[in-house]
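I opened the model to look up a few sites and wrote down what I found. The entries follow in the order in which I made them.

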Amino acid sequence: MEAGGVPLEARGSAGEVFLVALRLGMTSFGGPVAHVAYFRDEYVGRRRWLDDQAFSELVALANVLPGPSSSQLGIAVGALRAGKLGGLAAWLGFTLPSAALMTAFALGVSGSDVEDAGWLHGLELAATAVVATALVQMARTLAPDLLRLALAAAAAATVLAVGGAAVQVAAIAAGALAGAVLLRGGDEPAAVHVRFPVGRRLAAA
(Lines give C-alpha, C1' and ligand atoms only; values in the text may rest on other atoms or scores of the structure.)
Protein backbone atom coordinates (compact mmCIF):
# COMPACT_ATOMS: atom_id res chain seq x y z
CA MET A 1 0.00 0.00 0.00
CA GLU A 2 1.16 3.51 -0.74
CA ALA A 3 -0.29 6.69 0.75
CA GLY A 4 0.91 10.08 -0.32
CA GLY A 5 3.71 8.40 -2.22
CA VAL A 6 5.01 6.63 0.88
CA PRO A 7 4.76 2.81 0.84
CA LEU A 8 2.89 1.32 3.77
CA GLU A 9 3.33 -2.42 4.11
CA ALA A 10 1.43 -4.77 6.40
CA ARG A 11 3.62 -4.78 9.47
CA GLY A 12 1.43 -5.76 12.39
CA SER A 13 0.02 -8.97 13.79
CA ALA A 14 -3.51 -10.32 13.76
CA GLY A 15 -3.41 -10.41 17.55
CA GLU A 16 -2.59 -6.72 17.72
CA VAL A 17 -5.44 -5.91 15.32
CA PHE A 18 -7.86 -8.09 17.30
CA LEU A 19 -7.10 -6.38 20.62
CA VAL A 20 -7.50 -2.90 19.18
CA ALA A 21 -10.72 -3.85 17.36
CA LEU A 22 -12.03 -5.58 20.49
CA ARG A 23 -11.62 -2.41 22.53
CA LEU A 24 -13.31 -0.38 19.82
CA GLY A 25 -16.10 -2.91 19.56
CA MET A 26 -16.78 -2.74 23.28
CA THR A 27 -16.61 1.06 23.61
CA SER A 28 -17.80 2.58 20.32
CA PHE A 29 -21.28 4.07 20.50
CA GLY A 30 -23.44 5.94 18.03
CA GLY A 31 -23.80 3.84 14.88
CA PRO A 32 -21.72 3.60 11.67
CA VAL A 33 -21.06 7.34 11.34
CA ALA A 34 -19.71 7.53 14.87
CA HIS A 35 -17.72 4.33 14.30
CA VAL A 36 -15.85 5.98 11.42
CA ALA A 37 -14.94 8.83 13.75
CA TYR A 38 -13.67 6.41 16.40
CA PHE A 39 -11.71 4.52 13.75
CA ARG A 40 -10.06 7.68 12.49
CA ASP A 41 -9.10 8.73 15.99
CA GLU A 42 -7.61 5.31 16.74
CA TYR A 43 -6.08 4.16 13.46
CA VAL A 44 -4.97 7.50 12.02
CA GLY A 45 -4.55 9.75 15.03
CA ARG A 46 -3.19 7.50 17.75
CA ARG A 47 -1.62 4.52 16.02
CA ARG A 48 -0.78 6.02 12.62
CA TRP A 49 -1.44 2.74 10.84
CA LEU A 50 -2.40 4.85 7.79
CA ASP A 51 -2.74 8.52 6.92
CA ASP A 52 -5.81 10.69 6.40
CA GLN A 53 -5.74 10.38 2.63
CA ALA A 54 -5.63 6.59 2.63
CA PHE A 55 -8.29 6.49 5.37
CA SER A 56 -10.60 8.77 3.38
CA GLU A 57 -10.22 6.52 0.32
CA LEU A 58 -11.26 3.50 2.37
CA VAL A 59 -14.21 5.43 3.85
CA ALA A 60 -15.38 6.37 0.35
CA LEU A 61 -15.06 2.79 -0.87
CA ALA A 62 -16.91 1.37 2.13
CA ASN A 63 -19.77 3.83 1.63
CA VAL A 64 -20.42 2.90 -2.00
CA LEU A 65 -20.44 -0.83 -1.27
CA PRO A 66 -23.59 -2.51 0.04
CA GLY A 67 -23.47 -3.61 3.64
CA PRO A 68 -22.35 -2.13 6.96
CA SER A 69 -19.80 0.54 6.04
CA SER A 70 -18.11 0.77 9.43
CA SER A 71 -17.54 -2.99 9.62
CA GLN A 72 -16.16 -3.01 6.07
CA LEU A 73 -13.87 -0.11 6.93
CA GLY A 74 -12.57 -1.92 10.02
CA ILE A 75 -11.92 -5.10 8.04
CA ALA A 76 -10.05 -3.11 5.38
CA VAL A 77 -7.82 -1.43 7.96
CA GLY A 78 -7.16 -4.78 9.63
CA ALA A 79 -6.25 -6.40 6.31
CA LEU A 80 -3.87 -3.58 5.46
CA ARG A 81 -2.25 -3.89 8.86
CA ALA A 82 -1.86 -7.66 9.10
CA GLY A 83 -3.08 -9.33 5.91
CA LYS A 84 -6.04 -11.70 5.60
CA LEU A 85 -5.88 -12.77 9.24
CA GLY A 86 -5.79 -9.10 10.22
CA GLY A 87 -9.04 -8.50 8.33
CA LEU A 88 -10.65 -11.49 10.04
CA ALA A 89 -9.35 -10.37 13.44
CA ALA A 90 -10.74 -6.87 12.90
CA TRP A 91 -14.16 -8.28 12.06
CA LEU A 92 -14.20 -10.65 15.03
CA GLY A 93 -12.88 -8.06 17.46
CA PHE A 94 -15.26 -5.30 16.45
CA THR A 95 -18.47 -7.04 15.36
CA LEU A 96 -19.04 -9.97 17.72
CA PRO A 97 -18.57 -8.11 21.04
CA SER A 98 -20.82 -5.32 19.80
CA ALA A 99 -23.56 -7.80 18.91
CA ALA A 100 -23.23 -9.57 22.27
CA LEU A 101 -23.32 -6.30 24.24
CA MET A 102 -26.33 -5.00 22.30
CA THR A 103 -28.20 -8.25 22.86
CA ALA A 104 -27.42 -8.21 26.59
CA PHE A 105 -28.42 -4.56 26.83
CA ALA A 106 -31.70 -5.18 25.01
CA LEU A 107 -32.52 -8.05 27.37
CA GLY A 108 -31.56 -5.95 30.37
CA VAL A 109 -33.80 -2.99 29.54
CA SER A 110 -36.62 -5.12 28.26
CA GLY A 111 -39.87 -3.76 29.65
CA SER A 112 -38.21 -0.54 30.88
CA ASP A 113 -38.84 2.94 29.52
CA VAL A 114 -35.45 4.32 28.49
CA GLU A 115 -36.69 6.78 25.88
CA ASP A 116 -36.05 9.77 28.15
CA ALA A 117 -33.18 8.30 30.16
CA GLY A 118 -30.57 10.96 30.92
CA TRP A 119 -27.62 8.59 30.75
CA LEU A 120 -28.65 7.45 27.27
CA HIS A 121 -28.93 11.06 26.11
CA GLY A 122 -25.46 11.69 27.54
CA LEU A 123 -24.02 8.85 25.45
CA GLU A 124 -25.65 10.32 22.35
CA LEU A 125 -24.10 13.73 23.06
CA ALA A 126 -20.67 12.16 23.58
CA ALA A 127 -20.92 10.32 20.25
CA THR A 128 -22.00 13.55 18.54
CA ALA A 129 -18.92 15.33 19.86
CA VAL A 130 -16.63 12.57 18.57
CA VAL A 131 -18.24 12.69 15.12
CA ALA A 132 -18.01 16.49 14.98
CA THR A 133 -14.32 16.43 15.91
CA ALA A 134 -13.52 13.81 13.26
CA LEU A 135 -15.55 15.75 10.69
CA VAL A 136 -13.51 18.90 11.26
CA GLN A 137 -10.22 16.99 11.11
CA MET A 138 -11.12 15.11 7.92
CA ALA A 139 -12.44 18.30 6.29
CA ARG A 140 -8.98 19.83 6.52
CA THR A 141 -7.66 17.03 4.34
CA LEU A 142 -10.61 16.37 2.02
CA ALA A 143 -11.91 19.93 1.58
CA PRO A 144 -8.87 22.20 1.82
CA ASP A 145 -10.38 24.98 -0.34
CA LEU A 146 -13.65 26.89 -0.52
CA LEU A 147 -14.96 25.09 -3.62
CA ARG A 148 -14.60 21.58 -2.19
CA LEU A 149 -15.97 22.76 1.14
CA ALA A 150 -19.01 24.19 -0.66
CA LEU A 151 -19.57 20.92 -2.53
CA ALA A 152 -19.40 18.95 0.72
CA ALA A 153 -21.77 21.37 2.47
CA ALA A 154 -24.26 21.22 -0.40
CA ALA A 155 -24.24 17.42 -0.41
CA ALA A 156 -24.68 17.26 3.37
CA ALA A 157 -27.53 19.79 3.31
CA THR A 158 -29.30 17.88 0.55
CA VAL A 159 -29.06 14.53 2.31
CA LEU A 160 -30.17 15.98 5.66
CA ALA A 161 -33.08 17.88 4.11
CA VAL A 162 -34.48 15.08 1.95
CA GLY A 163 -33.11 11.79 3.26
CA GLY A 164 -33.36 8.33 1.74
CA ALA A 165 -30.88 6.02 0.06
CA ALA A 166 -31.67 7.29 -3.44
CA VAL A 167 -30.88 10.86 -2.41
CA GLN A 168 -27.55 9.76 -0.94
CA VAL A 169 -26.60 8.03 -4.18
CA ALA A 170 -27.71 11.07 -6.18
CA ALA A 171 -25.64 13.37 -3.96
CA ILE A 172 -22.55 11.21 -4.46
CA ALA A 173 -23.07 11.14 -8.24
CA ALA A 174 -23.68 14.89 -8.38
CA GLY A 175 -20.56 15.52 -6.31
CA ALA A 176 -18.47 13.36 -8.64
CA LEU A 177 -19.83 15.20 -11.70
CA ALA A 178 -19.33 18.62 -10.13
CA GLY A 179 -15.79 17.70 -9.10
CA ALA A 180 -14.94 16.44 -12.59
CA VAL A 181 -16.15 19.71 -14.14
CA LEU A 182 -15.21 22.33 -11.55
CA LEU A 183 -11.91 20.88 -10.37
CA ARG A 184 -10.54 19.93 -13.78
CA GLY A 185 -6.99 21.13 -14.27
CA GLY A 186 -6.41 21.69 -10.56
CA ASP A 187 -3.65 20.24 -8.47
CA GLU A 188 -3.91 16.48 -8.46
CA PRO A 189 -3.75 14.88 -5.00
CA ALA A 190 -0.99 12.42 -4.29
CA ALA A 191 -1.88 8.97 -5.59
CA VAL A 192 -3.17 6.44 -3.10
CA HIS A 193 -2.52 2.84 -4.10
CA VAL A 194 -4.13 0.27 -1.83
CA ARG A 195 -3.29 -3.35 -2.55
CA PHE A 196 -5.05 -5.96 -0.46
CA PRO A 197 -3.59 -9.45 0.07
CA VAL A 198 -6.68 -11.05 -1.47
CA GLY A 199 -6.82 -12.89 -4.78
CA ARG A 200 -9.66 -12.64 -7.28
CA ARG A 201 -11.21 -16.00 -6.36
CA LEU A 202 -11.34 -15.17 -2.68
CA ALA A 203 -12.72 -11.70 -3.42
CA ALA A 204 -15.44 -13.19 -5.62
CA ALA A 205 -16.34 -15.72 -2.92
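Is Ser69 buried or exposed? I noted that Ser69 is buried, because its relative accessible area is 15% and buried means under 20%, exposed over 50% and partly exposed in between (1.4 Å probe, protein chains only). I placed Ser69 in helix α4; helices are DSSP runs of H or I with at least four residues, strands are runs of E with at least two, and both are numbered from the N terminus. Leaving out residues up to four places away in sequence, I found Ser69 touching Pro32, Ala62 and Asn63, where contact means heavy atoms within 4.5 Å.

Ground rules. I am working with a predicted model, in which local features need pLDDT of at least 70 and side-chain atom pairs count only at pLDDT 80 or more, while totals for chains, interfaces and linings use all residues. Residues are numbered from 1 along each chain as its sequence is written, and side-chain values use heavy atoms, with hydrogens and water left out.

Confidence. I read a mean pLDDT of 81 for the chain, with 88% of its residues at 70 or more; pLDDT is the predictor's confidence in each residue, from 0 to 100. The pLDDT is below 50 over residues 1-7, a stretch that has 23 contacts in the model beyond near neighbours in sequence.

His35. I found His35 in helix α2. His35 counts as buried because its relative accessible area is 14%. Neighbours within four places in sequence aside, His35 is in contact with Ser28, Ser70 and Phe94. I also checked His35 against Ser71: the two are 36 residues apart along the chain, and their C-alpha atoms are separated by 8.7 Å.

Cavities. How many cavities of 30 Å³ or more does the structure hold? I recorded two. A cavity here is a set of points, on a 1 Å grid over the protein atoms alone, where a 1.4 Å probe fits but cannot get out, and lining residues have an atom within 4 Å of a point. Grid points are joined across faces, edges and corners, and the volume is the space filled by probe spheres set on the points.

I followed up the second largest cavity, which has about 40 Å³ of space. Its lining is made up of Ala21, Phe39, Tyr43, Ser71, Gly74, Ile75, Ala90, Trp91, Phe94 and Thr95. Two or more lining residues come from each of α2 (32-46) and α4 (69-108), and α4 gives the largest share, seven residues. I sorted the lining into seven nonpolar residues, three polar and no charged; Ala, Val, Leu, Ile, Met, Phe, Trp, Tyr, Cys and Pro count as nonpolar, Asp, Glu, Lys and Arg as charged, and the others, Gly among them, as polar.

Salt bridges. Side chains of opposite charge can pair when their charged atoms come close. I recorded seven salt bridges in the structure, each a side-chain nitrogen of Lys or Arg within 4 Å of a carboxyl oxygen of Asp or Glu.

Which residues are linked in a network of salt bridges? I listed Arg23, Asp41, Glu42, Arg46 and Arg47. Within it, Asp41 pairs with Arg46, the closest N and O atoms being 3.6 Å apart. Asp41 is partly exposed at 36% relative accessibility, and Arg46 is exposed at 56%. Glu42 meets Arg47 in a salt bridge at 2.5 Å, N to O. Glu42 is buried at 2% relative accessibility, whereas Arg47 is partly exposed at 36%.

I also looked up Asp145 and Arg148, whose side chains form a salt bridge of 2.6 Å, N to O. Asp145 is partly exposed, with a relative accessible area of 27%, and Arg148 is partly exposed as well, at 29%.

Backbone. I noted a positive phi of about 55° at Arg48, although Arg48 is not a glycine. Arg48 lies in the loop between α2 and α3 (52-64).

Note on methods. 1 Å grid on protein atoms, 1.4 Å probe; cavity = no way out; pocket = protein on both sides within 12 Å on 5 of 7 lines; lining within 4 Å.
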